[in-house]
Amino acid sequence: MAAVLVRRVTGLLRPLSHSVYTRTPKISPLSSFLQTHRLNSSAAPAIETPLWTTVCQTPQCGILQRVSALLPSVSQQPRRSLTYYSVKKGKRKSVKSVTQRFMRLHCGLWIRRKSGYKKKLWKKSNPRKNRLREHVICNKTQSKLFNKMTTSFWRRRNWYLNDPYLKYQDRVNLKF
């Protein structure tokens with residue numbers, strides 16, 4: 001295990017050591033790009049090499065590209081901001097998991113059940129089951145994201161008979 005780790009680390013650092021010890025090419029005018037580049041012009045037999053051979057001495061990919069291949073979380077952050085679109089008319093569609101797991105109140109807040117409220121109830125105590133039945137209010141960034149992921153049908157006000165959430169629908173009753 002340690003030998004494999006050492007091999008990978010030396011493979012990552014190899015381009016750095018190569019670029020430190022080699023001489024970086026000098027920037028030359030445009031006319032030198034059109035001609036070939038001369039090395040040792042004072043020597044009797046002039047060696048002509050194209051310019052691309054001197055430029056290609058620097059490593060092609062840097063340390064960030066080599067490390068990001070091993071750690072994808074460095075270069076890419078997961079996000080869920082794109083909504084679905086219908087194939088026929090191109091209208092936005094709601095994400096089903098949002099409409100099934102969360103509920104939007106009239107004031108714009110989204111609520112959800114605590115996680116694990118249905119799982120392994122046989123081993124949980126009664127006070128813990130009661131705590132799991134409570135609802136949690138989502139924060140501002142989550143509420144904005146859920147508003148993007150749902151259509152206006154789910155964001156509109158709905159009035160139900162004997163609504164148990166009626167006292168929570170307006171924000172005046174909530175103390176922050």
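Biologist: Which charged end sits over the ring of Y117?

Modeller: In this predicted model, the charged end of R113 does, 4.1 Å from the ring centre. That distance falls within the 6 Å cut-off, which is one part of the test for a charge over a ring.

Biologist: Nice! Why is the pair of F102 and F146 called tilted?

Modeller: The two ring centres lie 4.2 Å apart, and the planes meet at 35°. Stacked rings need planes under 30 degrees apart and edge-to-face rings over 60, so an angle of 35° counts as tilted.

Biologist: What makes this pair tie together parts that are 44 residues apart in sequence?

Modeller: F102 belongs to strand 5 (residues 102-104), while F146 belongs to helix 8 (residues 140-149), so the pair links those two parts. Ring pairs also join F102, W110 and F146 into a cluster.

Biologist: Is F146 buried or exposed?

Modeller: Buried: the relative accessible area of F146 is 8%, and the cut-off for buried is under 20%.

Biologist: And why are F153 and W154 called edge-to-face?

Modeller: Their planes stand at 90°, with 5.1 Å centre to centre.

Biologist: What makes strand 5 and strand 7 edge strands?

Modeller: The sheet is open, with three strands in the order 5-6-7 and antiparallel pairing. Strand 5 and strand 7 (135-137) each have a single partner strand, so one side of each lacks a neighbour in the sheet.

Note on methods:
Residues numbered from 1 in each chain as written. Predicted model: local features only at pLDDT ≥ 70, side-chain atom pairs only at ≥ 80, totals over all residues. Heavy atoms only, no water. Phe/Tyr/Trp six-rings, centres within 6.5 Å; stacked < 30°, edge-to-face > 60°. Helix = DSSP H or I, 4+ residues; strand = E, 2+ residues; numbered from the N terminus. Buried < 20%, exposed > 50% of the residue type's maximum accessible area, 1.4 Å probe, protein only. Lys NZ or Arg CZ within 6 Å of the ring centre and 35° of its normal. Pairing = 2+ DSSP bridges.
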